[in-house]
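Dear colleague,

Here is the structure to look through. My notes follow below it.

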Amino acid sequence: MSINERRSLWRRVKPYLAVFDPPLMLIILMLLATSLLTLASASLGIPGKIEDHLRNIVLCFFVMWLTANVTPQMMMRIAVPAYTIAVLLLIAVALFGTIKLGARRWLHIGVIDIQPSEFLKIAAPLMLAWFFQHNAGALRWQSFAIAAVLLLAPVYLIARQPDLGTSLLVVAAGFTVIFLAGLPWRIMLGLAIAISCYLPIAWSHMHDYQRDRVMMLIDPTKDPLGKGFHIIQSIIGIGSGGITGKGWTHGTQAHLDFVPERTTDFIFAVYSEEFGLVGNLILMLMYLLLVGRGLMIAANAPSFFTRLLAGAITMIFFTYAFVNMGMVSGILPVVGVPLPFLSYGGTALITLGVATGILMSIQRHRKLVQT
């Protein structure tokens, strides 16, 4: 093969390989490095965690690369089928789902169990962005009402599993699309009033454990060895880190098994105890950079569809981080939301990989002429 032919082959292959957005990639690599460092400490005495996490990271990068190669036009074509399949899977979960820890969230297919609600974190904003793109020239209040139904239908199915954390993330991403599409302020005010009026009714329909979580948020010391144990121990872990932390692998709360779920939902308590306030500020800066880069990609997106989708993906990152840090530090109820790119867990990491790949695809195709 001649030199010119080799160069020609590279030019053909390069667009499919050089798809990662450098600033976004740098931020994610810093977060994943922090994750490996924290998990190595949190998982002392738990064999296989680091190996599994490395495997999940590799899989995350693969789906990120795969998604980044999907054009926005292709995303528009798959939006409706993806949403439809995801909702049908949620219905299948309600009818035939596997019950684990008192919740019907999983569907057994072949030799694996899948959690279809995870798909809605991407499928719901994808569907809503498609809907508003196709109705961009004639948006009326009826359009926002239809969008609300498209969002609330799967959220209702997820909440009934019950899975409050995932339903919250889907609502945040979906509402971002509706808001960015031009939701009038008077409708938002009406929604706020309606939600406020519905809260007493919602309280009566909540599961006992959900009401307990709200009550423990108000005063976890009412049951310090039972329902309030998780939040009390995580707050102690965060506070004991002080300004600079106790040092890597020297956190007593985690290593004496006081911090629950220390490799997943409560990994922030482990990180805070070992790296202190200074480490927390650095971590928050990384998340601010992640959200900021997402907003820049949304602002430079080439079409209405991609702007809405990029905005929703960015809101997913923000909601993940805000809710997790809030629940671990005791300012929000415990809802089972992982810390993005830090917590151990394959499904959440793959979902984040898909979301990041979508942002990279939008950034990569930003020069396309809007039609």
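Helices α7 (164–180) and α8 (185–205) each supply at least two residues of a nonpolar patch; helices (H or I, at least four residues) and strands (E, at least two) are DSSP runs, numbered from the N terminus. The patch is on the surface and consists of V171, F175, F179, L180, W185, L191, I195 and L199, which together have about 770 Å² of accessible area. Accessible areas come from the Shrake-Rupley method with a 1.4 Å probe, and for residues only the protein chains shown count as cover. Patches are made of residues with over 30% relative accessible area and no salt bridge, with like charges joined within 9 Å and nonpolar side chains (Val, Leu, Ile, Met, Phe, Trp, Tyr) within 5 Å. L180, in helix α7, is partly exposed at a relative accessible area of 41%. Here buried means under 20% relative accessible area, exposed over 50%, and partly exposed in between (1.4 Å probe, protein chains only).

This is a predicted model, in which local features need pLDDT of at least 70 and side-chain atom pairs count only at pLDDT 80 or more, while totals for chains, interfaces and linings use all residues. Residues are numbered from 1 along each chain as its sequence is written, and side-chain values use heavy atoms, with hydrogens and water left out.

Confidence

The mean pLDDT of the protein is 85, and 92% of its residues reach 70 or more; pLDDT is the predictor's confidence in each residue, from 0 to 100. Confidence is lowest in helix α1 (residues 3–17), where the mean is 61, and highest in helix α12 (residues 267–299), at 94. Where pLDDT is low, the predicted coordinates should not be read in detail.

Nonpolar cores

A nonpolar core is a set of buried Ala, Val, Leu, Ile, Met, Phe, Trp, Tyr and Cys residues joined through side-chain atoms within 4.5 Å. The largest one has 90 residues, and those with the most contacts inside it are L31, L120, F132, L283, Y287, L290 and F341. Helix α13 (residues 304–328) gives the largest share of this core, 15 residues. Apart from it lies another core, of five residues, among them L89, A92, V93 and I114.

Within the largest core, L283 is one of the residues with the most contacts. Leaving aside neighbours within four places in sequence, L283 is in contact (heavy atoms within 4.5 Å) with L31, F268, Y271, M325, L339 and L342.

Salt bridges

The count comes to four salt bridges, a salt bridge being a side-chain nitrogen of Lys or Arg within 4 Å of a carboxyl oxygen of Asp or Glu. Three of them are described here, including the one between D21 and R293, whose closest N and O atoms are 2.8 Å apart. D21 lies in the loop between α1 and α2 (22–42) and R293 in helix α12, so the pair ties together parts that are 272 residues apart in sequence. D21 is buried at 7% relative accessible area, and R293 is buried at 13%.

E273 and K246 also meet through their side chains in a salt bridge (3.1 Å, N to O). E273 is in helix α12 and K246 in the loop between α10 (229–240) and α11, so this pair ties together parts that are 27 residues apart in sequence. E273 is buried, with 0% relative accessibility, whereas K246 is partly exposed at 34%.

K121 and E118 form a salt bridge at 2.9 Å, N to O. Being three residues apart in helix α5 (residues 117–134), they are separated by about one helical turn. K121 counts as buried at 2% relative accessibility, and E118 is buried at 8%.

Other positions

Y344 lies in the loop between α13 and α14 (346–364) and is buried, with a relative accessible area of 18%.

D113 is in strand β3 (residues 112–114) and counts as partly exposed at 31% relative accessibility. Beyond neighbours within four places in sequence, D113 is in contact with T98, K100, W106, L107 and H108.

Regards
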